[in-house]
Number of protein chains: 2
Amino acid sequence: MSATTVTDTKEAILDAAEAIFAEVGFEKASIRQIVAAADVNLAAVHYHFGSKEALVEAVFTRCVGPVNAERLELLHAIESAHPAGPLPLEALLEAFLAPMIRHARAEAPRRAKMTRLYGRLVAEPSDALEHMMKRQFGGVVKRFAAAFHRAIPEVPEPELMWRIFFTVGAAAHLLLDPPGFKKVSHGMCDPADVDAALEHLVRYAAAGLRAPAATLKETRR
Amino acid sequence: MSATTVTDTKEAILDAAEAIFAEVGFEKASIRQIVAAADVNLAAVHYHFGSKEALVEAVFTRCVGPVNAERLELLHAIESAHPAGPLPLEALLEAFLAPMIRHARAEAPRRAKMTRLYGRLVAEPSDALEHMMKRQFGGVVKRFAAAFHRAIPEVPEPELMWRIFFTVGAAAHLLLDPPGFKKVSHGMCDPADVDAALEHLVRYAAAGLRAPAATLKETRR
DNA sequence: GCTCGTTTGAAACGAACGTTTGAACTCTAT
DNA sequence: ATAGAGTTCAAACGTTCGTTTCAAACGAGC
């Protein structure tokens, strides 16, 4: 066998699957659709991956691994730059959000639609995906939760978890439905402008995370 | 024909469909599943609704109509109480979020799992659903966007749209995946506690919406 | 009591799905 | 040259899906 051949077929499937999963969702994407796009035989998926679920996991890992690695790198850089005292919240948010948003968008043209893939990872609660999510993201959120706590120690930990959760939801929504957003905003906002989106999200989330603690209800006026 | 009979079958289907859509999603739910749960014949769905898509729309409308009506009522009450000057932001957020969250949760036991239905409405970008979303929610978001603008006129309109979008994402995430959140927070946060969830979300979103405007990048420290 | 529109029932249709099979092909190592 | 592992291929399998069909059951109005 030639090593290039096996790699070619396998990666062609991965590439096509990635694009199609992003476009129509994990469950709705059919193997026949994928092999047609990859221009390989129908049985190739089962030969190389074993099952559709295994293919999903492979695509998932290939997509999300580098992103989480970059997240942790950026986090490490911030922690090294601030060995003591509070961490800069906006920088943490950017470290957490930028790799995902950037990688989802400004990639090779074939990944133009990959944006939605990340949104779907969060938004499609399937048992199989949930397991992968936990394994891939568990460590990352734990590390970042601790870092956020160092950044804003004044907000109690449960409240911090709530707010991180909300932030993930906001990010997922941003990734999931850009065309819908452009429409609903009457063209005022363009989610395809990655830097602008990231900046808006970071500012919004930073303020939300820093919100005054729970007890003062009379804040409302 | 007896009017009660037709109503019974039709509503049995609607009830069962609502529960199953919420549990497994719109696309994954099969008509056979629904008719089995409703204890009616397979053909009844097509007789009463015409197609699966029409059934989805019927369930959608029945779920979302009252919620949006309540939203607008609450909004109107706020606007009436404040004929001039800025509107209270937290009250607006509660008017926007509470009907959805409350109706999704604290309903009759059969609706225990309906929570996810709302999350799916936002998170499952299907062409058919997107159309319904626009029709059902278009007016509501427009009215609320204007009200938010009255509440915080200092944030420019495009930035406000971004932040409303993020808020919707945070709410959708909250509705979509409560068990996942309970796990990831190690039990510190219980999304089933509707009032607590709403309060946290309102505080987070209010702070995010009120965040200082874009120009000052040196806010980061 | 009979009739006719309305509703239910059991069974089937065609299409699409994930998966399996076994033969054909390709290339390396002997 | 040839054996054999690795890979591709066309075809099929069994299931499930949304939908259709058509006969049976039902109930109000004459």
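The legends below describe several close-up views of a predicted model.

Local features are given only where pLDDT is at least 70 and side-chain atom pairs only at pLDDT 80 or more, whereas totals for chains, interfaces and linings use all residues of this predicted model. Residues are numbered from 1 along each chain as its sequence is written, while chains are lettered from A and ligands numbered from 1 in the order in which they are written.

**View 1. The helices of chain A.** The secondary structure of chain A consists of 10 helices and zero strands, where helices (H or I, at least four residues) and strands (E, at least two) are DSSP runs numbered from the N terminus. Of the 221 residues in chain A, 42% count as buried; a residue is called buried if 20 or more other C-beta atoms lie within 10 Å of its own, exposed if 12 or fewer do, and partly exposed in between, with C-beta atoms placed from the backbone. Among the contacts in chain A with a separation of 6 or more, 69% join residues 24 or more positions apart, a contact being a pair of residues whose C-beta atoms, placed from the backbone, lie within 7 Å.

**View 2. The side of chain A that touches chain B.** Here 43 residues of chain A are in contact with 43 residues of chain B. On the chain A side, α5 (89–105), α7 (127–151), α8 (157–176), α9 (178–184) and α10 (194–209) each supply at least two residues, and α8(A) gives the most, with 15 residues. By class, this side of chain A divides into 25 nonpolar, six polar and 12 charged residues, where Ala, Val, Leu, Ile, Met, Phe, Trp, Tyr, Cys and Pro count as nonpolar, Asp, Glu, Lys and Arg as charged, and the others, Gly among them, as polar.

**View 3. A:Tyr204 and its contacts with both chains.** A:Tyr204 lies in helix α10 of chain A and is buried, because 28 other C-beta atoms are within 10 Å. When residues up to four places away in sequence are not counted, A:Tyr204 touches A:Ala170 as well as B:Arg163, B:Phe166, B:Gly208 and B:Ala211. The C-alpha atoms of A:Tyr204 and A:Ala170 are separated by 9.5 Å, although these residues are 34 residues apart along the chain.

**View 4. A:Leu201, B:Leu92 and the largest nonpolar core.** The largest nonpolar core has 129 residues, and those with the most contacts inside it are A:Leu92, A:Leu201, B:Leu92 and B:Leu201; such a core is a set of buried Ala, Val, Leu, Ile, Met, Phe, Trp, Tyr and Cys residues joined through C-beta atoms within 7 Å. A:Leu201, in helix α10 of chain A, counts as buried because it has 26 C-beta neighbours inside 10 Å. Leaving aside neighbours within four places in sequence, A:Leu201 is in contact with A:Leu97, A:Ala170, A:Ala171, A:Leu174 and B:Phe166. With residues up to four places away again not counted, B:Leu92 touches B:Ile78, B:Leu87, B:Phe144, B:Ala147, B:Phe148 and B:Ala151.

View 5. Buried residues of α7(A) include A:Met133, A:Val141 and A:Phe144. In chain B, helix α8 (residues 157–176) reaches 28 Å from its first C-alpha to its last, close to the 28 Å expected, and 18 of the 20 residues of α8(B) are buried.

**View 6. The surface near DNA strand C.** Of the 20 residues around DNA strand C, A:Ser30, A:Ile31, A:Lys52, B:Thr9 and B:Asn41 come nearest, a residue being near the strand if its C-beta atom, placed from the backbone, lies within 6 Å of it. This surface takes at least two residues from each of α2 (31–38) of chain A and α1 (3–24) and α3 (42–48) of chain B, with the largest share, four residues, coming from α3(B). By class, the surface has 10 nonpolar, eight polar and two charged residues.

**View 7. Two loop residues of chain B with positive phi.** B:Asp39, in the loop between α2 (31–38) and α3 of chain B, has a phi near 60°, a positive value in a residue other than glycine. B:Asp39 counts as exposed, because it has 10 C-beta neighbours inside 10 Å. B:His186, in the loop between α9 (178–184) and α10 (194–209) of chain B, has a positive phi of about 55° although it is not a glycine. B:His186 is exposed, with 12 other C-beta atoms within 10 Å.

Notes: Two residues are in contact if their C-beta atoms, placed from the backbone, lie within 7 Å. The expected span of a helix is 1.5 Å times one less than its number of residues.
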